[in-house]
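Look at the model before reading on.

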Amino acid sequence: MRNLDEYLAAVSDDDATDAAITREDTLVDALTTDVAAEWSPMQQTALLGAAAATAILSDLESAPPATWESLADAHLFHATAANVEAYVDQVGSIDTKLGELLTVAGAITIDTSGSESAHGVEEGAEARTPSRVDTLAVTVLNASAAIPSTEMRVQLAGLLHERVTVSVRPP
């Protein structure tokens with residue numbers, strides 16, 4: 001994508017093409033190319049806005065941290081505990097972009113399957129201890145500027161807590 005503007009114009013002009021990017025791995029490839037570092041914020045926003053819902057990232061850390069706020073704004077990563085924690089660690093808080101993504105998602109999921117992500121075994125089941133989830137829940141509850149609805153913050157935190165309680169119960 002040396003000439004992103006031409007590519008996006010071609011996609012826009014082609015009635016048979018619904019989206020500029022339709023797969024998660026293609027989105028990761030596009031964001032991690034050397035050329036991506038040269039894109040203006042407007043170009044990056046245009047590309048992400050032209051991505052299909054099927055390109056949503058499972059693992060936010062597979063994309064460069066400099067793109068995370070734009071990815072949140074475009075709702076292009078799953079609202080998992082690992083992604084939310086990584087985002088908050090990078091950005092410093094739950095901002096309005098992440099707040100909107102979480103509000104639309106309606107829940108923060110926890111991967112307890114032990115499945116592998118782009119960075120090896122998901123930290124889900126082992127690292128997502130009740131104390132870490134409690135910390136994340138408190139962060140969500142305190143994010144009133146980013147998630148104005150008290151009901152939504154309570155819902156997100158409550159569902160998060162319920163899921164970790166269920167997932168760590170002994171057999």
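A crossing is left-handed if the near helix is turned anticlockwise from the far one by less than a right angle, and right-handed if clockwise. This is a predicted model: local features need pLDDT of at least 70, side-chain atom pairs need 80 or more, and totals for chains, interfaces and linings use all residues. Residues are numbered from 1 along each chain as its sequence is written, and side-chain values use heavy atoms, without hydrogens and water.

H5 passes H8 in a left-handed crossing. Ala81, Val84, Glu85 and Val88 of H5 make the contact with Arg132, Leu136 and Thr139 of H8 (contact means heavy atoms within 4.5 Å). By class, these residues are four nonpolar, one polar and two charged.

H1 and H3 also cross in a left-handed way. Their angle makes H1 roughly parallel to H3 (under 35 degrees). Here Leu4, Asp5 and Leu8 of H1 meet Gln43, Ala46 and Leu47 of H3.

| Helix pair | Axes come within | Crossing angle |
|---|---|---|
| H1 (residues 4-13) and H3 (residues 41-49) | 11 Å | roughly 30 degrees |
| H5 (residues 81-91) and H8 (residues 130-141) | 11 Å | roughly 65 degrees |

Axes are lines fitted to C-alpha atoms, for helices over the stretch in contact, and angles run from 0 to 180 degrees between N-to-C directions.

Thr67 lies in the loop between H3 and helix H4 (68-73). Thr67 counts as buried because its relative accessibility is 5%, with buried meaning under 20% (1.4 Å probe, protein chains only). The Thr67 side chain reaches the backbone oxygen of Pro64 at 2.6 Å. Leaving aside residues up to four places away in sequence, Thr67 touches Leu31 and Gln44.

Notes. Helices (H or I, at least four residues) and strands (E, at least two) are DSSP runs, numbered from the N terminus. Angles under 35 degrees count as roughly parallel, over 145 as roughly antiparallel, 65 to 115 as roughly perpendicular and the rest as oblique. Ala, Val, Leu, Ile, Met, Phe, Trp, Tyr, Cys and Pro count as nonpolar, Asp, Glu, Lys and Arg as charged, and the others, Gly among them, as polar. Buried means under 20% relative accessible area, exposed over 50%, partly exposed in between (1.4 Å probe, protein chains only). A polar contact is a pair of N or O atoms within 3.5 Å; within protein, one must be able to donate a hydrogen and the other to accept it, and residues adjacent in sequence count only if both atoms are side-chain atoms.
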